[in-house]
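Welcome! Let us walk through this structure together, one step at a time.

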Amino acid sequence: MRTTAQILEAINAEHGSGDSLPGLLCADCSAFMDLSGSGMALINESGHQGVIGASGPLAAQLEDLQFELGEGPSLDASRSNSPVVHPDLSAAAVLPWLGFGPAAVAAGVRAVFALPLQVGTTPLGALCLYRATPGRWDDEGTATAMAYADAAVEVLLLLQAQTEPGSALHPELDEPVTYRAEVHQATGYLSVQASVGLAEALLLLRAHAFASDRPLLQIARDVLAGRLRIQPEEGEDD
Amino acid sequence: MTTEQRLTQVFVELADTLVDEFDALDFLSTLTERSVELLHADAAGVILNDMRGSLHVVASTSDRAKVLELFELQNDEGPCLDCFNSGRAVVNVGLSEARSRWPRFSVAAADVGYQSAHAIPLRLRDSVIGAMNLFSSAVVELTPDDVALGQALADIATIGLLQERAVRQSGLIAEQLQTALNSRVLIEQAKGVLLASSGVDVDRAFQLMRDYSRSHNEPVKEVARRVIERELAADDLRHP
């Protein structure tokens, strides 16, 4: 068992090495809880806004995928404001996530545990744990995961408290948004071009990326450069 | 019930209020009621020192105007003010000494029918954030055990208030984070809208929105929202 205070102390000790606090938290969580990886994302009411931390390549890949597809345990946890556990992905007859589920299984993940990061009624994001072995987390594992989620909220508040009120996001939180800036620009662009709302425009971009098996960012760049026109599909009412 | 049993009961009750759906005012009113009961008082109040150095009553067992005035009066003189300044409990000050030390306060207290007044500090490390004020209609001498108990109750009040403050501050920062994130995304989306509708490249689009925001004294986020809603086109931004 590890407490929130112990976690914060451990990652603070390593801060300054060039790694971001969210990244350090994910690495610490993954090592201490014997996971394949863990990742942290910013999520608000309009959806996934960027990956802010990952323990390693596997977590980074699965976190990115949740952004790409706009689906996954982190989004579900944030939307419902309650933990989402799937103890055995490979045994599921029907995976809860059409795109994310098979990809997670292919990456060797058998169990996922996503925890919402929220203060009062304000959603901030989610912390997601990926494990190679199936099974539920026991009481101690659940308590430790919750301590990591509490620490993750502390890290977010700690970072944002360092910026002036009314001003921008803290650089460590802004970086993933900058990285995906073109996706948001293309969303605005497509909403004009296809005469749809922003939410639908983003859905169209995601659907196109999924169908053509290309990164969302590439699709966004093509849309912005006028190389790609995406139209809403006919007869979508079904 | 013995005093020890009753004490245990009170501390369990206060601890429960701290854990449940926490309401600072409910918590402080319970605390003042129990303080009256355990410390032989007739009225009790919690007074806080705000950032500008003036005192405010945040909880009182009595809402009689004259009692409330007694608390307020101590902005000028009285046991609470002395307690703030010294950081120590001000207890068992005899009537005659009280009359010379706090002439106006003593008259006002006697007027309401109180003969004793005590003040116990709400301490946070080296600073005093407030005081618990006790009034009795009889002349009451607090024993060292009473003072220790009063301090324990005051310490619990401090913990409760700090918790409330921390929760409020976290909420504020969380909202700031959310607002900053929302506006960041909104601005990027608005750049895309301007590019698609007027062919303005994204860097120029941001300049236009920022200049409009400055000249109209309107937050960039709001300008971006109006661009997305098509209330503002590139031409409106160019020729405001």
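**A walk through the model**

You will find B:Arg230 in the loop between helix H9 (220-228) and helix H10 (234-238) of chain B; helices are DSSP runs of H or I with at least four residues, strands are E runs of at least two, and both are numbered from the N terminus. B:Arg230 is not a glycine, yet its phi is positive, near 65°.

This is a predicted model, in which local features need pLDDT of at least 70, side-chain atom pairs count only at pLDDT 80 or more, and totals for chains, interfaces and linings use all residues. Residues are numbered from 1 along each chain as its sequence is written, chains are lettered from A and ligands numbered from 1 in the order in which they are written, and side-chain values use heavy atoms, leaving out hydrogens and water.

Chain A has a residue of this kind too: A:Asn81, not a glycine, has a positive phi of about 50°. A:Asn81 sits in the loop between helix H4 (73-80) and strand E3 (84-86) of chain A, and is partly exposed at 39% relative accessible area.

Now turn to the largest nonpolar core, which has 42 residues; such a core is a set of buried Ala, Val, Leu, Ile, Met, Phe, Trp, Tyr and Cys residues joined through side-chain atoms within 4.5 Å. A:Leu25 and A:Leu127 are among those with the most contacts inside it. Helix H6 of chain A gives the most to this core, with 11 residues.

Note on methods: Buried < 20%, exposed > 50% of the residue type's maximum accessible area, 1.4 Å probe, protein only.
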